Each structure stands twice: as structure tokens, then as C-alpha cells.
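Please keep the sequence and the structure in view while reading.

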Amino acid sequence: MSRIVALSRFQLKELVRSFAIAAPTTITLALYWLFFEFPGDVDYFAATGGFVLLVAALVTTLLLASQANRMSSTVVVVRLLRRSELLGAIVVSALVVAAAMAVLFIGLALGQAKVAMTAASLAIIAPRWLALAALFAVVGLHLSRLIS
């Protein structure tokens with residue numbers, strides 16, 4: 001488990017350094033402005049937010065997988081015993097980025113008063129978004145060259 005966490009931290013640091021973090025951020029911002037031109041209700045927010053996060057998780061997973069496919073120092077840094085540790089680290093890293101995009105999406109919607117919601121409705125929406133992000137992180141992993 002500690003190898004997966006260490007590799008996830010390494011991958012996230014490399015993702016931010018390579019400026020590839022702009023892709024999920026740009027996708028999140030673009031889809032937010034596309035879907036929230038006018039204010040909506042909580043159900044609309046939950047549906048569109050889930051879609052935005054699944055797209056962001058998919059793109060992030062593909063970016064991380066292509067980055068891991070190119071990284072030559074990964075094995076030296078973490079000394080992987082199994083390939084599953086690398087795949088798990090990619091999924092964990094994608095979920096961390098998806099969580100950051102969820103915070104960005106929620107912050108934009110609440111900051112611009114596009115939706116009125118309570119903490120209870122956010123607590124209900126969060127597990128659904130996490131499940132969607134995890135599912136599409138794994139789907140993105142299967143679309144990459146590391147698995148296919």
C-alpha cells in the first residue's frame with residue numbers, strides 16, 4: 001500500500017510539472033460553462049457534475065497511463081514488485097485529480113449561485129460522483145496501452 005501511495009504522489013507531481021493538469025481543469029471549466037449557462041436545480045447539478053467528473057477522470061487516467069508508459073525512473077523510484085501496484089497508483093492518482101475537479105465544480109456552482117444546495121445533498125451526491133470517477137478511471141486504464 002505504501003508503494004502505491006508513493007507512486008501516486010510521484011505521478012501527481014510529474015503530472016503537475018508537465019502542465020498536463022491543464023487538460024482536466026480545462027475540460028471541467030469548459031463543461032461547467034456549457035452546462036450552467038442558466039441556474040439549475042440540485043438534480044441537474046448532480047447529473048451534469050457526474051458527467052463532468054467521468055470525463056475528467058477518463059482523460060486524467062489516459063494522461064497518467066501515457067506518462068507511466070514513458071517514465072523510465074518509476075521502477076527505480078518505487079521498486080515495484082507487481083504491475084498491479086502501478087495500475088492501482090494510476091487509478092488512485094486519477095481519483096485524486098477527479099476529487100480536485102469536483103471541488104472546483106462545486107466551488108464554481110456555489111460561488112456563482114447557479115444552484116442552491118445543502119450539505120446533506122452534497123453528502124448524497126459525493127458517493128455517486130466517486131463511483132462514476134472510479135468506474136471511468138478503470139475504463140480509461142483499459143483504453144490505455146498499459147492494459148490493452
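Is phenylalanine 51 buried, partly exposed or exposed? The model is predicted, and in it phenylalanine 51 counts as partly exposed, at 38% relative accessibility.

Phenylalanine 51 is located in helix H3. Apart from residues up to four places away in sequence, phenylalanine 51 touches Leu31 and Phe35.

Not counting residues up to four places away in sequence, threonine 60 touches Leu15, Pro24, Ala94 and Val97.

## Helix H3 against helix H5

Two packed helices are described by the angle between their axes and the distance between the axes. For H3 and H5 the angle is about 145 degrees, and the axes are 8 Å apart. The crossing of these two helices is right-handed.

Threonine 60 takes part in this contact on the H3 side, where the residues include Phe45, Gly49, Leu53 and Thr61 as well. On the H5 side, Ala94, Val97, Ala102, Phe105 and Ile106 are among the residues that meet H3. By class, the contact of H3 with H5 has 18 nonpolar, five polar and no charged residues.

## Helix H3 against helix H6

Helix H3 covers residues 42–70 and helix H6 covers residues 119–143. H3 and H6 pack at an angle of about 30 degrees, with their axes 8 Å apart. The two helices are therefore roughly parallel to each other, because angles under 35 degrees count as roughly parallel. H3 and H6 cross in a right-handed manner. Sorted by class, the residues of the contact of H3 with H6 are 18 nonpolar, five polar and one charged.

Tryptophan 129 lies in helix H6. Which residues does tryptophan 129 touch, not counting residues up to four places away in sequence? They are Phe45, Ala46, Gly49, Gly50, Leu53, Ala102, Phe105 and Ile106. Tryptophan 129 and glycine 49 are 80 residues apart along the chain, yet their C-alpha atoms are separated by 7.6 Å. Tryptophan 129 counts as buried, at 6% relative accessibility.

## Helix H1 against helix H5

H1 and H5 pack at an angle of about 55 degrees, with their axes 8 Å apart. H1 and H5 are therefore oblique to each other. The crossing in which H1 passes H5 is right-handed.

The H1 side of the contact is made by Arg3, Ile4, Leu7, Ser8, Gln11, Leu12 and Leu15. The H5 side includes Glu85, Leu86, Ile90, Val96 and Val97. The residues of the contact of H1 with H5 divide into 10 nonpolar, four polar and two charged.

## The nonpolar core

In soluble globular proteins, nonpolar side chains tend to be buried together. How many residues does the largest nonpolar core have in this model? It has 38 residues, and those with the most contacts inside it are Tyr32, Phe45, Ile90, Phe105, Trp129 and Leu146. Helices H1 (2–17), H2 (22–35), H3, H5 (83–111) and H6 each supply at least two residues of this core. The largest share, 13 residues, comes from H5.

Tyrosine 32 is one of the residues with the most contacts inside the core. Leaving aside its neighbours within four places in sequence, tyrosine 32 is in contact with Phe105, Leu108, Ala109, Gln112 and Lys114.

## Two loop residues with positive phi

Where does phenylalanine 19 lie? Phenylalanine 19 is found in the loop between H1 and H2. Although phenylalanine 19 is not a glycine, it has a positive phi of about 65 degrees. Phenylalanine 19 has a relative accessible area of 63% and is exposed, because exposed means over 50%.

Alanine 113 is placed in the loop between H5 and H6. Alanine 113 is not a glycine, but it has a positive phi of about 55 degrees. With a relative accessible area of 60%, alanine 113 is exposed.

How values were computed. Residues numbered from 1 in each chain as written. Predicted model: local features only at pLDDT ≥ 70, side-chain atom pairs only at ≥ 80, totals over all residues. Heavy atoms only, no water. Axes fitted to C-alpha atoms, helices over the stretch in contact; angles between N-to-C directions. Helix = DSSP H or I, 4+ residues; strand = E, 2+ residues; numbered from the N terminus. Parallel < 35°, antiparallel > 145°, perpendicular 65-115°, else oblique. Left-handed = near helix turned anticlockwise from the far one by under 90°. Nonpolar A, V, L, I, M, F, W, Y, C, P; charged D, E, K, R; others polar. Core = buried A, V, L, I, M, F, W, Y, C linked by side-chain atoms within 4.5 Å. Buried < 20%, exposed > 50% of the residue type's maximum accessible area, 1.4 Å probe, protein only. Contact = heavy atoms within 4.5 Å.
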